[in-house]
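Let's take a walk through a model and look at how its chains meet. Keep the 3D view open while you read.

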6 protein chains.
Amino acid sequence: MFQIERVKTLIPGFDELVKGGIPKRNIVLLSGGPGTGKSIFAQQFIFNGLKQGERGVLVTLEEHPVQLRRNMLAFGWDVKKFEEENKFAIVDAFTGGVGETAKKEKYVVRSTDDIPELLDVIRQSIKDIGAERIVIDSISTLYLTKPVLARGVLMQLKRVISGLGATAIFVSQVSVTERGFGGPGVEHAVDGIIRLDLDEINGELVRSLIIWKMRGTAHDMHRRPFEITDKGIIVDSKKIVKMRGEFSKILEG
Amino acid sequence: MFQIERVKTLIPGFDELVKGGIPKRNIVLLSGGPGTGKSIFAQQFIFNGLKQGERGVLVTLEEHPVQLRRNMLAFGWDVKKFEEENKFAIVDAFTGGVGETAKKEKYVVRSTDDIPELLDVIRQSIKDIGAERIVIDSISTLYLTKPVLARGVLMQLKRVISGLGATAIFVSQVSVTERGFGGPGVEHAVDGIIRLDLDEINGELVRSLIIWKMRGTAHDMHRRPFEITDKGIIVDSKKIVKMRGEFSKILEG
Amino acid sequence: MFQIERVKTLIPGFDELVKGGIPKRNIVLLSGGPGTGKSIFAQQFIFNGLKQGERGVLVTLEEHPVQLRRNMLAFGWDVKKFEEENKFAIVDAFTGGVGETAKKEKYVVRSTDDIPELLDVIRQSIKDIGAERIVIDSISTLYLTKPVLARGVLMQLKRVISGLGATAIFVSQVSVTERGFGGPGVEHAVDGIIRLDLDEINGELVRSLIIWKMRGTAHDMHRRPFEITDKGIIVDSKKIVKMRGEFSKILEG
Amino acid sequence: MFQIERVKTLIPGFDELVKGGIPKRNIVLLSGGPGTGKSIFAQQFIFNGLKQGERGVLVTLEEHPVQLRRNMLAFGWDVKKFEEENKFAIVDAFTGGVGETAKKEKYVVRSTDDIPELLDVIRQSIKDIGAERIVIDSISTLYLTKPVLARGVLMQLKRVISGLGATAIFVSQVSVTERGFGGPGVEHAVDGIIRLDLDEINGELVRSLIIWKMRGTAHDMHRRPFEITDKGIIVDSKKIVKMRGEFSKILEG
Amino acid sequence: MFQIERVKTLIPGFDELVKGGIPKRNIVLLSGGPGTGKSIFAQQFIFNGLKQGERGVLVTLEEHPVQLRRNMLAFGWDVKKFEEENKFAIVDAFTGGVGETAKKEKYVVRSTDDIPELLDVIRQSIKDIGAERIVIDSISTLYLTKPVLARGVLMQLKRVISGLGATAIFVSQVSVTERGFGGPGVEHAVDGIIRLDLDEINGELVRSLIIWKMRGTAHDMHRRPFEITDKGIIVDSKKIVKMRGEFSKILEG
Amino acid sequence: MFQIERVKTLIPGFDELVKGGIPKRNIVLLSGGPGTGKSIFAQQFIFNGLKQGERGVLVTLEEHPVQLRRNMLAFGWDVKKFEEENKFAIVDAFTGGVGETAKKEKYVVRSTDDIPELLDVIRQSIKDIGAERIVIDSISTLYLTKPVLARGVLMQLKRVISGLGATAIFVSQVSVTERGFGGPGVEHAVDGIIRLDLDEINGELVRSLIIWKMRGTAHDMHRRPFEITDKGIIVDSKKIVKMRGEFSKILEG
């Protein structure tokens with residue numbers, strides 16, 4: 001049997017949950033409600049790659065590229081140098097190219113309704129950079145008001161990215177009350193699902209994550225607490241957050 | 001790492017929940033059901049700014065400007081002087097310019113269906129005043145019957161306001177039975193979410209708030225009780241309101 | 001600080017729940033399921049006003065004016081004299097002017113689909129009578145099959161009535177299983193919400209009310225039992241009806 | 001105060017729940033799921049009237065008139081004589097006049113989509129018979145696929161029937177899982193609501209009824225068990241069926 | 001009072017639940033989720049009739065006639081002889097007459113969208129055979145994608161079948177999570193409802209049935225367990241399966 | 001009575017749950033949420049057949065054929081040899097024939113919207129190979145955005161496949177929160193239903209399966225745990241996973 005290649009997130013406590021790293025070429029859905037830390041996780045994944053020489057592309061659909069760089073800097077993640085060395089690129093699918101600062105961006109998607117254009121710009125940026133890690137934050141934006149398109153859009157992105165040999169995190173925004181991961185068309189089409197949660201327990205907000213699926217590797221089967229510190233996410237891979245809900249099942253010999 | 005700038009609400013007990021204040025330029029969703037105190041919180045945020053020299057604009061979509069001034073006065077918040085000194089402005093997006101009293105308003109939006117006009121008037125008022133604090137009460141009005149527009153409208157407002165360097169509170173009205181914050185298109189696009197609640201517990205109505213997310217700062221992770229007094233809102237930042245609901249999770253070592 | 005003007009309902013046990021009366025000019029939503037006593041509450045509010053010289057208008061959308069007078073008489077509330085003295089008027093938005101008895105009505109709305117006509121007739125009747133108290137029973141009828149219109153209709157009524165300085169009760173019909181007050185467009189637009197409930201508890205029907213919001217005054221924060229007697233509603237402002245439901249929260253020091 | 005006229009159902013155990021009978025001219029919604037005994041209750045109401053000289057009309061929308069007579073006969077309720085003496089009539093809104101036996105019916109509604117025709121035939125039959133008791137079984141049929149019409153249809157029927165001085169039972173079919181009475185447009189428009197229930201309790205089906213509202217009279221406020229015997233319905237007005245559900249409220253002094 | 005005629009199912013343990021048999025001419029809805037044994041119950045009803053000389057027609061909408069015969073044979077129910085003697089017929093509303101084997105079928109419905117054709121073929125087959133027992137498996141197929149048609153289709157079938165004096169079982173497919181019987185338009189229009197259930201209880205699948213209504217006879221009011229053996233269904237009319245769910249009611253003296 | 005033919009899955013622990021194997025010609029729905037192991041089960045079913053000389057066809061709608069072979073190889077299931085010997089074929093309904101590698105595929109469906117083309121290619125591949133085992137992964141893809149087509153598509157596939165004498169597994173994707181198997185049109189049309197589950201129990205993910213129905217054979221009636229190992233699925237046919245949910249029923253003597 002062949003030896004699987006893995007991409008290390010280098011997020012403290014996370015990689016040991018997936019036997020050392022995310023299997024290469026996997027498209028992983030990072031799903032969670034508002035305030036759960038999805039963007040931070042994805043940016044940390046990219047920056048940790050850059051630090052050890054793995055190039056990356058981050059497609060931003062929710063945040064101005066300038067604000068995005070500022071947000072990353074707040075965690076000490078300065079991407080400037082990597083951008084200058086062509087080891088990292090931001091694909092600006094937020095401004096539509098409108099505004100003074102937007103004119104300085106290299107990769108701009110005019111309209112996110114134009115999926116072929118989006119695919120072209122992403123493909124070009126990956127090739128230019130030689131990117132091994134891709135983040136799309138968020139894919140939900142692409143079909144928010146047209147859920148019927150979700151699977152089609154996701155499949156096209158998947159074809160482009162895995163065709164180029166890259167490993168990707170697709171941020172999926174769900175409503176705070178939604179227990180799914182972004183709809184059946186999305187959940188089944190990806191290679192992995194990581195769920196981030198923020199739950200109120202006895203008047204306190206608690207963060208946890210669980211790996212729901214990960215093709216190509218065994219993975220941890222527990223819900224793990226994590227913190228968002230000023231250096232990013234730290235997962236506690238030893239503790240378990242237990243959920244008591246509508247269903248519970250027990251195993252009997 | 002840079003030092004973050006903060007905007008103090010000066011609402012008693014609140015600022016300590018966000019490490020001293022809301023990070024500057026943040027767009028904060030203030031979400032809650034009817035009767036939870038959203039408008040009072042937002043007006044108090046504006047008036048407390050005025051008192052210490054921070055200028056503000058309040059966009060009213062639900063209440064006649066005359067009635068709004070009257071409501072604020074009932075808490076002892078007299079904005080007249082600040083309006084005369086061009087330190088505060090009300091943008092009237094309620095009357096459509098119809099009626100005798102409406103003719104005296106300086107900033108009037110003819111139709112709230114005309115988003116470009118709305119954006120223009122808001123932009124102009126912020127520039128004229130030099131406003132640092134903005135309240136829109138409520139953004140829900142803009143897409144109540146057209147939820148599919150919610151994210152688009154919010155993104156445009158966000159671009160205008162953060163482009164001018166202001167910090168904003170967007171009031172989001174949810175139904176009394178709704179546990180979300182205003183829909184996925186809205187929840188994910190803002191920088192912060194403060195949820196106000198009014199719950200019947202054993203035959204008594206109890207007020208509480210919780211900060212669900214706040215980009216750019218650590219924040220309190222507990223549900224806190226608050227009161228509405230004749231001087232406005234007072235938060236008890238020490239007590240916790242515990243919720244017992246469908247889900248509960250526990251942490252295990 | 002100014003002294004607030006109040007309108008006494010004179011419903012036994014109610015006014016002490018709102019510090020003496022409903023703040024003048026408030027538009028109050030009186031919300032409840034079938035059989036909860038909404039119409040009785042509203043008629044009692046009107047008649048108690050008439051008895052002490054405060055003039056009123058009652059807009060009937062659900063009941064024939066003749067039947068309405070009969071219903072009120074069953075509680076001993078004889079409006080005839082007040083109608084003859086032009087101190088009280090019924091606006092007939094029920095018959096459409098069709099039928100022999102309808103021809104005797106002074107204020108008739110031909111079609112409730114014609115909101116401008118409805119507004120005109122209401123405005124005229126309030127001016128003619130010099131009405132200080134208004135009841136619309138029910139506003140739900142106006143948008144039952146077109147919920148998207150709810151907020152618009154309510155806002156127009158609010159403008160007319162508060163523009164004329166009157167205080168109003170808008171009856172809102174909700175389904176027996178609905179826990180809201182009539183939809184987000186309605187709940188947030190009014191100045192007060194009184195909820196009437198009829199619940200089956202251990203095989204017995206129990207009546208209770210709770211004041212969910214009331215702008216311009218502090219108000220009681222408890223669920224109170226009430227009875228419908230042959231003299232109308234009597235609220236027990238001392239007892240509490242405790243609800244045990246899906247959610248409960250507790251306060252911890 | 002005037003003395004109220006009442007119509008006795010003469011269903012054993014029922015009239016004492018409404019202080020002696022249903023107030024005259026009331027339109028009462030008889031609501032329940034499949035198999036709860038709605039048609040039996042309504043037929044018993046009609047036949048008991050006939051026995052003591054009160055004339056009646058039964059509008060059948062769900063059952064062939066021939067089958068309806070057969071069903072009634074199974075309980076010993078032979079309407080033949082009353083039909084011959086013009087003291088009772090069936091309005092056939094089932095067959096559309098198609099079929100041999102249908103041709104013998106006197107009052108036939110060609111199409112239940114044609115509400116004006118339906119109203120005409122009902123009006124004529126009530127006048128011909130001099131009917132004091134009316135049953136429509138069921139009104140739900142009239143708007144099953146067009147719920148938006150429900151209130152309009154019900155209001156028109158109400159006007160015709162109460163205009164002629166009759167007292168009516170409108171059978172309302174709800175789904176087995178539905179806790180309401182037939183929708184907000186219907187629940188609020190009627191003068192009374194009687195709910196029949198069939199519930200599985202610990203593997204056994206139990207019948208109960210509760211009077212949810214009844215204008216013009218005080219009424220019992222408890223859930224009462226009843227049986228369907230070969231002589232019709234018998235209510236036990238002394239026992240209580242207690243429901244334990246999602247909500248429970250308790251009263252505290 | 002007349003003596004009621006009954007049709008014996010001869011399914012072990014069932015007839016005693018309905019005082020000896022289903023009242024003749026009744027249209028009975030046999031409702032249940034996937035895998036609950038609906039088709040087996042219906043086939044057993046037909047075959048048991050044939051064995052004692054009562055002729056039958058089975059309308060198949062879900063299964064190829066050839067496969068249907070094979071399925072019945074697996075339980076030892078060989079219909080071949082009865083078909084040859086014109087005592088039993090299958091109405092093929094499955095193949096649309098397409099395929100080699102389909103050409104051998106005598107009663108074929110070309111398109112199930114053509115309800116008049118379906119009614120004609122069914123009417124003809126019943127007359128030809130002189131059928132007393134009819135099964136339609138399933139009626140749900142006829143309105144699966146057009147639920148608004150459900151009641152209309154069912155009423156037409158009911159008229160044809162009861163007009164010819166036959167007794168029928170209409171198989172109604174509901175989703176595994178649905179607690180109703182097939183929608184309000186269907187539940188109320190039939191003369192009887194038998195519900196088959198398959199529930200997971202503590203990790204084990206348990207079969208039970210309950211008779212929800214049966215016009216023209218008293219019936220058992222308990223949930224009874226049953227088994228599917230290689231000879232068909234066997235009901236245990238003595239045991240009770242108790243359900244513990246959201247609601248429970250208790251009776252108090 | 002005839003002896004039933006069975007198809008052995010040879011998945012450890014599974015066949016004993018169905019008395020030795022799936023009845024030949026059965027169309028079995030393999031239903032589950034994301035990450036439950038549906039594709040692995042289906043591939044294992046195919047490969048185990050190949051190993052003992054039973055030929056197979058796998059229709060891939062979610063995964064590139066190249067990736068599919070790679071996925072299978074990760075479990076040690078090398079299909080290359082069988083493809084070369086014409087004992088196994090992949091029907092590529094994923095690429096649409098686009099891309100270099102796709103050109104090497106023998107059976108390609110250009111568009112999955114073209115159901116007749118899909119049926120033709122499947123029919124041809126089954127005939128060419130002489131396939132006895134068929135997998136379609138997944139059928140849900142065919143009607144994801146057009147649920148109204150589900151039953152029609154499934155019925156056509158069923159006719160083609162069972163007409164050719166093959167036994168099939170249809171993978172059905174359901175949302176993670178959905179308790180059904182893929183909708184009523186699908187659940188009732190298949191011969192068997194196997195449900196795979198992945199549930200969070202006290203912070204741990206647990207895998208289990210249950211056989212909900214299987215025509216033509218008795219089957220195990222318990223929920224059984226299983227593992228996904230690097231050799232594929234292993235079912236523990238002795239242990240039971242007990243579910244505690246909304247409903248529980250108990251049996252009483």
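## Where chain E meets chain F

Start with the salt bridges: between chain E and chain F there are three of them. This is a predicted model, by the way, so treat each value here as computed from that prediction. One of the bridges joins E:E63 to F:R215, and the closest N and O atoms of that pair are 3.0 Å apart. Polar contacts turn up here too, with 11 residue pairs between chain E and chain F (both residues at pLDDT 80 or more).

Which parts of chain E do the touching? On the side that touches chain F, the elements of chain E that give two or more residues are α2 (65–74), β9 (192–201), β10 (204–214) and β13 (240–244). Sort the residues of that side by type and you get 16 nonpolar, 13 polar and 17 charged.

How many residues are involved from each chain? Chain E brings 46 residues to the contact and chain F brings 39. As for size, an interface is often described by the accessible area that is lost when the parts come together. Between chain E and chain F, about 3,700 Å² is buried, and carbon and sulfur atoms give 59% of that.

## A closer look at the bridges

Here is another pair to find in the viewer: F:R223 forms a salt bridge with E:E200, with the closest N and O atoms 2.5 Å apart.

Now go back to E:E63 and F:R215. E:E63 has a relative accessible area of 10%, so it counts as buried, the cut-off being under 20%. F:R215, at 25% relative accessibility, counts as partly exposed.

A bridge can also stay inside one chain. In chain C, C:R195 pairs with C:D197, the closest N and O atoms being 3.0 Å apart. C:R195 is buried at 8% relative accessibility, and C:D197 is buried at 8% as well. Elsewhere, A:R195, A:D197, A:R223 and F:E200 are linked in a network of salt bridges. Over all chains, the structure holds 96 salt bridges.

## Where chain B meets chain A

Next, look at chain B and chain A: 38 residues of chain B are in contact with 45 residues of chain A. These two chains bury about 3,700 Å² between them, with 59% of it on carbon and sulfur atoms. The interface has three salt bridges, and one bridge links B:R215 to A:E63, with the closest N and O atoms 3.1 Å apart. There are also 11 residue pairs in polar contact (both at pLDDT 80 or more).

On the side of chain B that touches chain A, at least two residues each come from α5 (150–163), α6 (184–187), β10 (204–214), β13 (240–244) and β14 (248–252) of chain B. Which element supplies the largest share? That is β14(B), with five residues. By type, the residues on this side of chain B are 18 nonpolar, seven polar and 13 charged.

Some pairs of chains have no contact. Chain A and chain D are one such pair, their closest C-alpha atoms lying 14 Å apart. Chain C and chain E have no contact either, and their closest C-alpha atoms lie 8 Å apart.

## A helix in chain F

Helix α4 of chain F covers residues 115–129, which is 15 residues. From its first C-alpha to its last it reaches 21 Å, close to the 21 Å expected at 1.5 Å a residue. The buried residues of α4(F) include F:I115, F:L118, F:L119, F:I122 and F:I126. An α-helix has 3.6 residues a turn, so residues three or four places apart point the same way.

What do the buried residues of α4(F) pack against? Their partners in chain F are β4 (56–60), β5 (88–92), β6 (107–108), β7 (133–137) and α5 (150–163). Just after the helix, F:G130 takes a positive phi of about 70 degrees.

## One residue in a loop

Finally, find E:L10, in the loop between β1 (6–7) and β2 (22–23) of chain E. E:L10 is partly exposed, with a relative accessible area of 37%. Leaving aside neighbours within four places in sequence, E:L10 is in contact with E:D15, E:N48 and E:Q52.

Note on methods: Residues numbered from 1 in each chain as written. Chains lettered and ligands numbered in written order. Predicted model: local features only at pLDDT ≥ 70, side-chain atom pairs only at ≥ 80, totals over all residues. Heavy atoms only, no water. Contact = heavy atoms within 4.5 Å. Buried area = accessible area lost by both parts, 1.4 Å probe. Salt bridge = Lys/Arg side-chain N within 4 Å of Asp/Glu carboxyl O. Polar contact = N/O pair within 3.5 Å; in protein donor to acceptor, adjacent residues only side chain to side chain. Helix = DSSP H or I, 4+ residues; strand = E, 2+ residues; numbered from the N terminus. Nonpolar A, V, L, I, M, F, W, Y, C, P; charged D, E, K, R; others polar. Expected span 1.5 Å × (residues − 1). Buried < 20%, exposed > 50% of the residue type's maximum accessible area, 1.4 Å probe, protein only.
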